[in-house]
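Have the sequence and the 3D view open as you read.

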Amino acid sequence: MKTRLEHIDQPALRRLVLGDIARLKARRLAQIRYLARQLRAHRDLAARLDLVLSIPGIGERTALALLIRMPELGRVSREEAAALAGLAPFDNDSGQHNGQRRIAGGRARLRRSLFAAALPAAFRWNKALIVLYTRLTAAGKAHNAALIACARKLLIYANTVIQRGTPWLEQASAT
C-alpha cells in the first residue's frame, strides 16, 4: 500500500489509501493484542512470554512469533533451534571446493521476524549484539551476514532463557 501511495497524485485517492493503511495498522495491532491475551491466559505460556520479553531487542511481536512459530523453543539445542528457524549456515562444499556458507530452509516467517528484530537490537537495544555486530563488521563481514548472526544470537538467547527458566541478565563488562 505504501508503495502504491508513492504513485498517487490525486488528493482524494491519497486519502483513501492513507485510510486503508491506518485501518490495516489498527487491525494488526488488535491481532497482536489478541494473541498476547490468549497466550497470557495459560500460565506456562505467559511465563515463557515473560522470559522471552526480558531479552533486550525482542519486543512483543517478535516474542509472539517465537512462541507461536517455534513451540519447541527451550527443548531443543541451539543448533537445532537455528536450523529450525533457517538461520543455521549450511556449507556448499564438494571435494576440494569450499563454497560460501548460506542460510536455507527452516521457518521463513520466523526467520523474517528475527531478522527484523536483529537490526534495532544490534544497533541500539542489546549490548551483547552491539558488540557482536561491531566485531563482525570490523572483521570484514558484510552487513547482512552480521545481521543474520545477530538474529541467530537472539534466537539462541530466547532458547536459553526458556531452557533455564530465568530472565535475561545483562553481563557485567569485563574492564
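**A first look at the chain**

Buried residues make up 33% of the 175 residues in this chain, and the model is a predicted one.

Q: How many helices and strands does the chain have?
A: Both kinds of element occur in the chain. The count is 8 helices and 2 strands.

Q: Which pattern does the chain follow along the sequence?
A: Read the elements in sequence order. The pattern is α-α-α-α-α-β-β-α-α-α.

Q: What does the C-alpha trace span along its principal axes?
A: Take the C-alpha trace of the chain. Its span is about 60 × 45 × 40 Å.

Q: What share of the contacts with a separation of 6 or more comes from residues 24 or more positions apart?
A: A contact means heavy atoms within 4.5 Å. Among those with a separation of 6 or more, the share from residues 24 or more positions apart is 56%.

Q: How far apart do the centres of the positive and negative side chains lie?
A: The chain has 30 positive side chains and 12 negative ones. The centres of the two sets are separated by 4 Å.

Q: Is Asp44 buried or exposed?
A: Asp44 sits in helix α3, which covers residues 43–53. Its relative accessible area is 53%. Exposed means over 50%, so Asp44 is exposed.

Q: What distance separates the C-alpha atoms of Asp44 and Thr166?
A: Along the chain, Asp44 and Thr166 are 122 residues apart.

Key. Residues numbered from 1 in each chain as written. Predicted model: local features only at pLDDT ≥ 70, side-chain atom pairs only at ≥ 80, totals over all residues. Heavy atoms only, no water. Helix = DSSP H or I, 4+ residues; strand = E, 2+ residues; numbered from the N terminus. Buried < 20%, exposed > 50% of the residue type's maximum accessible area, 1.4 Å probe, protein only. Lys, Arg positive; Asp, Glu negative; His and termini not counted. Charge placed at Lys NZ, Arg CZ, Asp CG, Glu CD.
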